[in-house]
Amino acid sequence: MGYYIVYCLIVILICGIFIPDGIDGKIDNVPLLIFLISILFIALIIKAILYIKTFAKAKRHLIQNGYTIQHFSISPMCKSHHIVASKGDKAIKIFVLNVTRAYLTYHFDTINKLELYKSTRLAIKPRVGQANIISGHVDTKMIGSKKLNWQDNDFENATCIVLFNKLPSVVKDSISRTALGNGDKICDKAILYDIKGFIRHSLKELS
């Protein structure tokens, strides 16, 4: 709820800065508006490039190891797997996830549901000349979720992989007691990798 309040305040601020007075008024602060739009556009382009780069590296690695690409989609809205590859009787199915906020905890409640959590500590600023006091209490809130459309038969006839462009600080699931890393299984079903770990790992050992 806090994030929605912040977004509403930002929208109100933008409206106050740029919306003209009256119906026939001109847009205020045009140079600033152009600058902000340019910054936003550049940020989106960089994010898209990093996302596509992960796909390109994964695809190239599969082909170099003798796999044929059966399905390939870079759309974040893709309802099926992003990459499906085969080699003889071996098959690999991959979901690609782009990490934009690595400091969050990525928790797989199930193999089909990824939850994002943010943890914060209260910092109390004392009187002048004294160091900040950090509270021992950690407040953790879920701030988002994502659905992965795995099917039960995926795990029976293929090696399934959740592929991050980079590993978040913490990846957990509802089964393991400790954090997960490259090569670990998520909910005992799909293998977790970031793109560097995927490339380092021999595909011959996956199937």
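How many bridges join strand β2 to strand β3, and do they run parallel or antiparallel? Select residues 83–87 for β2 and 90–97 for β3: five bridges join them, and they run antiparallel. (Strands are DSSP runs of E, at least two residues, and helices are runs of H or I, at least four, numbered from the N terminus; two strands pair if DSSP finds at least two bridges between them.)

A word on the model: it is predicted, with local features needing pLDDT of at least 70 and side-chain atom pairs counting only at pLDDT 80 or more, while totals for chains, interfaces and linings use all residues. Residues are numbered from 1 along each chain as its sequence is written, and side-chain values use heavy atoms, leaving out hydrogens and water.

Now click Ala85, whose bridge partner in β3 is Ile92, then Ile83, which is partnered with Ile94 of β3. Between β2 and β3 sit two residues, making a hairpin, and Gly88 in the turn has a positive phi of about 65°.

Stay on β3: seven of its eight residues are buried (under 20% relative accessible area with a 1.4 Å probe, protein chains only; over 50% is exposed, in between partly exposed). Next, select β7, residues 159–164, which pairs with β3 in the parallel sense over six bridges. Val96 has Leu163 as its bridge partner in β7.

Zoom out to the open, mixed sheet of six strands: β1-β2-β3-β7-β10-β9. β1 (68–72) and β9 (185–186) each have a single partner strand, so one side of each lacks a neighbour in the sheet.

Last stop: His107, in strand β4 (residues 105–110). His107 is buried, at 17% relative accessible area. Beyond its neighbours within four places in sequence, His107 has contacts (heavy atoms within 4.5 Å) that include Tyr117, Lys172 and Asp173.
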